[in-house]
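Please keep the model open alongside the text.

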Amino acid sequence: MLFNSYPFIFFYLPIVFLLFFQLSKLNKPNAICWLGLASLFFYGWWNPKYVLLLLSSILFNYTVGKEICRQPSLKRKKYFLWGSVTANLLLLGFFKYTNFFIEGVNRIGGNLSPIEIVLPLGISFFTFTQIAFLVDAYRGIAKEYKFSHYLLFVTWFPHLIAGPVLHHKQMMPQFSFFKTYRLNPESIAVGLTLFSIGLFKKVVFADQFALYANPVFDGAHHGQSPMLFEAWIGALAYTLQLYFDFSGYSDMAIGLSRLFNIRLPLNFNSPYKAASIIEFWRRWHMTLSTFLRDYLYIPLGGNRRGPVRHQFNIMVTMLLGGLWHGAG
């Protein structure tokens with residue numbers, strides 16, 4: 001279900017919003033459960049069978065996270081952490097890279113048949129979100145939470161498809177705030193404004209630029225050679241399409257969350273205004289950049305272990321950033 005679709009805007013969102021605040025007056029745990037179930041329904045709208053995959057991932061990581069918190073020794077915590085992170089990455093790798101690997105083997109003389117795999121929506125987001133939770137549990141930052149809160153933390157529908165990558169310390173406390181469960185006219189006004197701006201970027205800008213970009217790229221894919229003018233039109237149109245699509249979805253995600261008194265972190269900050277590649281990296285998909293910095297680059301040593309190790313750490317970090325985006 002897309003944020004700019006009629007079923008989402010005119011049916012799903014009003015029903016979820018109204019029932020949440022009605023249930024909040026009666027029973028706050030039930031209101032949280034309602035949002036969790038609504039988020040699962042949102043995800044299942046695309047392909048119901050992958051709801052089971054999402055739930056299995058959540059149950060696994062929630063259980064392991066609790067076990068990491070309970071372990072008395074650092075060594076045992078580390079075993080649980082590395083085992084669970086490996087399992088998460090293997091799941092992600094299976095869906096994103098199995099056929100890429102088979103294609104590579106076939107190019108050097110193999111004869112393997114491709115596997116019919118449909119990439120689950122948002123698998124990178126809910127996988128990395130939970131890896132961050134496991135690492136924070138190992139560090140003693142993440143504490144044990146109710147399963148309903150954890151379920152909502154992972155499946156929260158505004159972030160599930162296109163981000164941002166969330167951290168428990170940003171989301172979990174908000175589920176316990178009294179103000180989260182009260183209608184707030186200011187939050188509603190801010191939320192609707194941000195959502196409308198994002199929707200405008202997506203529908204009026206991104207989707208219209210796609211009309212100019214897609215024919216050029218589709219033609220090149222089928223062996224056609226675009227002329228100079230056509231190539232520039234396609235490249236620039238795609239540049240603007242990608243920009244407004246991600247910017248619009250980021251605005252809509254933040255706006256939708258504000259309707260429910262939930263604040264999401266900023267994930268997109270006018271990257272085309274950047275004055276350097278480093279600044280561009282920090283402005284585009286900001287929560288992914290933060291994740292890679294805090295959970296990979298700094299633990300590897302950052303720039304503290306000499307120039308050779310520094311360059312190695314940058315290479316590993318950027319490699320994982322590339323792997324995140326898939327084999328395409």
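Helix α1 (residues 6-26) packs on helix α2 (28-44) at an angle of about 160 degrees, and their axes are 7 Å apart. Axes here are lines fitted to C-alpha atoms, for helices over the stretch in contact, and angles run from 0 to 180 degrees between N-to-C directions. Helices are DSSP runs of H or I with at least four residues, strands are runs of E with at least two, and both are numbered from the N terminus. The angle makes α1 roughly antiparallel to α2. The cut-offs are under 35 degrees for roughly parallel, over 145 for roughly antiparallel, 65 to 115 for roughly perpendicular, and oblique for the rest. The crossing of α1 and α2 is right-handed. A crossing is right-handed if the near helix is turned clockwise from the far one by less than a right angle, and left-handed if anticlockwise.

On the α1 side, the contact is made by F8, Y12, I15, V16, L19, F20, L23, S24 and L26. On the α2 side, K28, N30, A31, W34, L35, A38, S39, F41 and F42 take part. Contact means heavy atoms within 4.5 Å. By class, these residues divide into 14 nonpolar, three polar and one charged. Ala, Val, Leu, Ile, Met, Phe, Trp, Tyr, Cys and Pro count as nonpolar, Asp, Glu, Lys and Arg as charged, and the others, Gly among them, as polar.

The model is predicted: local features need pLDDT of at least 70, side-chain atom pairs count only at pLDDT 80 or more, and totals for chains, interfaces and linings use all residues. Residues are numbered from 1 along each chain as its sequence is written, and side-chain values use heavy atoms, with hydrogens and water left out.

α3 passes α6 in a right-handed crossing. From α3, the contact uses L54, L55, I58, L59, N61 and Y62. From α6, it uses F147, Y150, L151, V154 and T155. The contact of α3 with α6 has nine nonpolar, two polar and no charged residues.

How much of α6 is covered? Seven of its nine residues are buried, so the helix is mostly covered. Buried means under 20% relative accessible area, exposed over 50%, and partly exposed in between, with a 1.4 Å probe and protein chains only. The buried residues of α6 are H149, Y150, L151, L152, F153, V154 and T155. Their cover includes α2, α3, α5 (123-139), α7 (157-160) and α8 (168-171).

Now the whole chain. The protein chain has 13 helices and zero strands. Of its 328 residues, 44% count as buried. The C-alpha atoms fill a box of roughly 65 × 50 × 45 Å along the principal axes. A compact globule with 328 residues would have a radius of gyration near 20 Å; the chain has 21 Å, which agrees. This radius is taken over C-alpha atoms, and the globule rule is 2.2 Å times the number of residues to the power 0.38. Among contacts with a separation of 6 or more, 70% join residues 24 or more positions apart.

| Residue | Relative accessible area | Class |
|---|---|---|
| N313 | 0% | buried |
| N261 | 11% | buried |
| W284 | 17% | buried |
| I298 | 37% | partly exposed |

N313 is in helix α13. Leaving out residues up to four places away in sequence, N313 touches Y297, L300, G301 and G302.

W284 sits in the loop between α11 (277-283) and α12.

I298 lies in the loop between α12 (286-297) and α13 (307-324). Beyond four places in sequence, I298 touches R293 and R304. I298 and M1 are 297 residues apart in sequence and 37 Å apart in space, C-alpha to C-alpha.

Most residues other than glycine have a negative phi. N261 has a positive phi of about 65 degrees although it is not a glycine. S270, also not a glycine, has a positive phi of about 45 degrees. N261 is in the loop between α10 (228-259) and α11. S270 is placed in the loop between α10 and α11.
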